[in-house]
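Dear colleague,

Please find the structure below, together with its sequence.

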Amino acid sequence: MTAEELEAGLAAELAADGESVTEALDKWSVRTPMRVFIHYGEHGLDLSYAEAKRATDTIAGNLARAGIRRGDRIAVHCRSAYAAALWMFGIWKAGAVYCPVDPDAIGDLLVEQLDAGQPVLVVTERALVHALEAVRPHLNRLPRLTVHDAVGPRPPHGYPEIAYANFLARAVPPAVTIDPGDVGMIVHTAGVTGRPKAAVLPHRWLASYTLLLRRLTTPEDVVHVDLPLHSIQGAFAGLARAAWAGAGVALWDRFHPVDFWRRVVSAGATGAVLTETMVGWLAGAPELRGERNNPLSTVLMQPLPPTHRAFARRYGIDTVVAGYGQVETGLPIAAVLVGLDPSEATPPSLRRGLAPAAVAKACARLGVPVLDGARIVRKGCLGAPLPFARVAILDEHDRPVPRGVVGHLAIRPHLPGLLVQEYVDDPLSIAEATRNLWFHTGDAAVFDEEDGLLHFVDRVVDRIRIRGENVSAYHIEDLVNQHPDIAVGAVFGVPADREDEDEVVLYAEPEPGRPLDPDELRAWCAQSLPAYMRPAHVRIVARMPRTPNGRVEKYRLRRHFLGLTDRPGPAVRGVPVPTPMPSTRPALAPALSPVRSALPPSLPPGARR
């Protein structure tokens with residue numbers, strides 16, 4: 001097969017369900033107009049595919065009336081997942097760029113997210129206007145503003161405003177054809193090991209990211225989405241893949257561990273995306289009789305936790321999708337884990353969607369291995385590469401290393417538009433990441449010598465140099481987290497007095513109500529860890545700084561340890577350490593605590609309770 005034939009075949013595979021997700025949404029509005037597309041659990045609203053088409057057409061048409069043109073950037077700054085969902089599709093139908101903004105961002109972080117996107121319009125809600133007003137004097141460009149729950153009083157502001165009523169009048173969407181290479185969204189990276197970057201992503205990235213998940217989703221399925229829609233897991237792995245497959249979506253503003261299973265059962269949800277933090281919350285809940293009597297059968301767990309098998313058996317999860325995913329690369333590596341005994345699986349009366357044979361067929365078409373989950377006991381299993389990119393493990397000179405040798409995980413796509421195009425205002429970072437025609441993910445990984453699967457080892461910057469060898473912070477954390485009083489431990493290295501050597505630093509967050517003494521923890525480490533892994537420095541924190549998806553922001557811990565300034569740091573021994581980020585801007589006044597709106601967003605035509 002020639003390179004041209006390979007590219008043509010891969011492009012056809014991506015376009016088989018529709019070249020863009022808006023095309024798919026409109027297709028299902030004709031095929032199954034009355035099927036519920038969105039069930040918004042927060043307010044008991046149901047929106048059919050036909051109603052969703054009318055609502056998003058209306059948004060797109062009124063954006064065009066407001067002067068929005070192809071390629072313009074629109075920021076969505078909403079806690080309401082319902083409003084964010086409709087605006088996401090409406091923005092794309094207008095040919096504009098979806099720029100989700102973290103609704104919990106305040107101060108300098110909010111300035112960074114708005115300045116990176118340079119939006120011409122910000123869609124927000126009453127409870128968040130105060131945060132936007134606090135940063136208004138510090139923005140490089142002042143966008144227009146519209147408030148989607150405009151009924152009722154709201155704080156005054158100095159932005160030019162478009163009345164939300166202007167977006168509710170019926171309108172015809174502009175005649176926009178979306179090319180796979182067009183920029184579709186600007187999404188901020190998680191910022192676990194460094195400052196978050198604004199990643200510019202094309203529509204083909206979205207098609208590639210969702211492909212495996214939508215191949216495992218049918219119109220009979222309902223996807224439970226309670227991750228925020230400024231994250232790729234919530235907006236794309238959840239909502240967009242459901243629209244592509246013609247499935248339903250049970251949409252919630254936030255994850256709630258106590259109500260999670262009640263929500264799943266009431267909506268008949270068959271699929272979900274669970275982060276490691278969410279799995280931990282649900283696995284730690286007291287066991288109840290009849291827990292398997294729920295319809296949830298297919299779950300994306302990313303990263304794959306070591307407890308995946310116990311979790312699947314406890315709750316009757318038939319299919320667990322594991323993989324490697326990040327904002328820049330989408331989902332280029334994956335595996336599907338199956339193999340539950342029938343007595344442990346989803347009850348037949350509640351099971352919908354693909355049968356096991358159909359799951360295997362869909363995976364075989366994409367080259368995704370289907371594995372017995374009982375055999376995957378090693379933490380960090382990622383799976384095998386999908387056919388859209390070449391995946392390699394490289395040394396420091398970008399040369400491939402043998403199987404069994406840890407190196408830098410790198411990706412080279414076979415098609416344009418599969419990876420991040422650029423980081424906004426950060427050409428040096430994108431040049432460094434894409435050197436030598438490889439995209440360097442920043443992660444260390446290894447091809448297993450026996451099964452040939454890829455396994456995550458650590459973040460490259462989290463490799464600690466001790467006695468001339470690279471030691472994984474990930475490995476040390478695994479051992480430290482076995483301490484019964486530690487809720488979560490984070491490990492990183494700092495330069496030691498000796499040249500080319502690092503010292504281990506441990507930050508530990510105790511379990512609620514359990515005191516944790518640094519000296520006692522050092523003594524425990526001396527008994528439980530090899531000498532070269534023992535931390536030279538121990539800090540106890542009341543709570544770790546985390547990303548919106550619950551991942552510990554190690555770069556903030558590192559800056560805190562080194563005495564560098566940053567956004568508000570972790571609470572050490574229960575006392576918050578104020579460390580404002582250095583900036584050329586004047587200091588921002590602290591924003592008020594956000595207040596959640598008790599009212600639903602303005603309803604599109606035809607929405608019903």
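How much space lies in the second largest cavity? The second largest cavity holds about 80 Å³. The model is a predicted one, in which local features need pLDDT of at least 70 and side-chain atom pairs count only at pLDDT 80 or more, while totals for chains, interfaces and linings use all residues. Residues are numbered from 1 along each chain as its sequence is written, and side-chain values use heavy atoms, with hydrogens and water left out.

Cavities

A cavity is taken as a set of points, on a 1 Å grid over the protein atoms alone, where a 1.4 Å probe fits but cannot get out; lining residues have an atom within 4 Å of a point. Points are joined across faces, edges and corners, and a volume is the space filled by probe spheres set on them. The count is five cavities of 30 Å³ or more. The lining of the second largest cavity includes Ser208, Thr329, Leu331, Phe388 and Ile411. Strands S14 and S18 (407-413) each supply at least two of its residues; strands are DSSP runs of E of at least two residues and helices runs of H or I of at least four, numbered from the N terminus. By class, this lining has nine nonpolar residues, two polar and no charged. Here Ala, Val, Leu, Ile, Met, Phe, Trp, Tyr, Cys and Pro count as nonpolar, Asp, Glu, Lys and Arg as charged, and the others, Gly among them, as polar.

Salt bridges

The whole structure contains 23 salt bridges, each defined by a side-chain nitrogen of Lys or Arg within 4 Å of a carboxyl oxygen of Asp or Glu. One of them joins Lys53 to Asp57, with the closest N and O atoms 2.6 Å apart. Because these two residues are four apart in helix H3 (residues 49-65), about one helical turn separates them. Lys53 is partly exposed at 27% relative accessibility, whereas Asp57 is buried at 9%; buried means under 20% relative accessible area, exposed over 50%, and partly exposed in between (1.4 Å probe, protein chains only).

A further salt bridge pairs Lys554 with Glu477, again given by closest N and O atoms, 2.6 Å apart. Lys554 lies in helix H16 (residues 554-561) and Glu477 in helix H14 (residues 473-480), so the pair links distant parts of the chain, 77 residues apart. Lys554 is buried at 7%, and Glu477 is buried at 11%.

Finally, Glu13, Asp17, Arg214, Arg215 and Arg365 are linked in a network of salt bridges.

Yours sincerely

Note on methods. 1 Å grid on protein atoms, 1.4 Å probe; cavity = no way out; pocket = protein on both sides within 12 Å on 5 of 7 lines; lining within 4 Å.
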